Amino acid sequence: MKIVLLGAPGAGKGTQADLIVKEYGIPHISTGEAFRSNITKGTEIGLFVKSYMEKGLLVPDEVTIEIVSMRLKEDDCKNGFMLDGFPRSIPQAQALDKATSLDAVINIDVSYDVIYKRLTGRRNCSCGAIYHVSTYTSNNCAKCGKELFIRDDDKEEPIKKRLEVYEKITQPLISYYEKKGLLKTIVSSDAISDTFLKVKSILDTLI
Ligand code: AP5
Ligand code: MG
Ligand code: ZN
């Protein structure tokens, strides 16, 4: 299955992606994770994207589209993939349409006050694991033992900017995919496992 996870910053895309990988075994392509790993490794791309990400701005479309196009050409994407955080603008969606066809776009819808609590309490591990201080109090990852960190863009100013950018540039994708008949919206203010049941009920119809 070829799917996209759409949703505001902190809606729970990465969290659901992890559960989808476990259940369906499709590759998880997160542009945010790809950029963060480039920053950690100190690559040329990492140096370029850092200033955009810290401020909560989008990385320019050309760079993001190039990275995703290359990734989709890899062998493991032949039978399906899950995009998390891409596309995030109309030009990105148009580029994706040229590269492949999608089976569904899952839009995770959560109110801004829930989002704010999720982002300000989030803790991340470099292995990709995601936690929240309300449910996980250790400073080390349960999966790999490494020390957890707070993302540079999970501070008040970048959070504000990311939500603004989302409203202006990403939200129009909801009607873009609605018109194509691909949009499936789930409201996810309930627990992670209950949200996953909703996601699963959509994905099971695609198999
Ligand atoms: P990216 O890494 O994609 O960040 P984002 O879109 O802001 O989304 P987040 O990762 O912050 O949230 P999420 O929805 O994954 O939530 P999570 O599961 O972690 O992008 C970062 C930056 O990279 C962008 O700002 C931009 O600069 C750049 N970039 C990336 N893609 C780009 C693109 N296509 N074009 C241009 N630039 C791009 O959950 C959040 C918290 O909530 C966690 O603590 C989690 O434990 C908790 N939680 C999740 N679900 C629940 C639940 N149901 N109940 C209770 N708690 C929950
Ligand atoms: Mg994420
Ligand atoms: Zn870890």
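Select the shell of residues around ligand 1 and colour it by residue type. In this predicted model, the shell divides into 14 nonpolar, eleven polar and nine charged residues.

Now pick out the nearest ones. Of the 34 residues around the ligand, Thr15, Leu57, Arg88, Arg122 and Arg162 come nearest.

Next, show the backbone and look for oxygen atoms of ligand 1. One lies 2.8 Å from a polar backbone atom of Tyr131. At Gly14, a polar backbone atom is 2.9 Å from a ligand oxygen. At Ala11, the corresponding distance is 3.3 Å.

How much of ligand 1 does the protein bury? Taken alone, the ligand exposes 1,000 Å², and the protein buries 94% of that.

Switch to a cartoon view. Which elements give two or more residues to this shell? They are α1 (13-24), α2 (31-41), α6 (112-120), β6 (130-132) and α9 (192-203). Highlight α2: it gives the most, with four residues.

Stay with α2 and move to another site, the second largest pocket. Three elements, β2 (28-30), α2 and α4 (61-72), each supply at least two residues of its lining.

Last stop: the space inside. The second largest pocket holds about 170 Å³.

Key: Residues numbered from 1 in each chain as written. Chains lettered and ligands numbered in written order. Predicted model: local features only at pLDDT ≥ 70, side-chain atom pairs only at ≥ 80, totals over all residues. Heavy atoms only, no water. Near = heavy atom within 4 Å. Polar contact = N/O pair within 3.5 Å; in protein donor to acceptor, adjacent residues only side chain to side chain. Areas by Shrake-Rupley, 256 points an atom, 1.4 Å probe, with all protein chains shown as cover. Nonpolar A, V, L, I, M, F, W, Y, C, P; charged D, E, K, R; others polar. 1 Å grid on protein atoms, 1.4 Å probe; cavity = no way out; pocket = protein on both sides within 12 Å on 5 of 7 lines; lining within 4 Å. Points joined across faces, edges and corners; volume = space filled by probe spheres on them.
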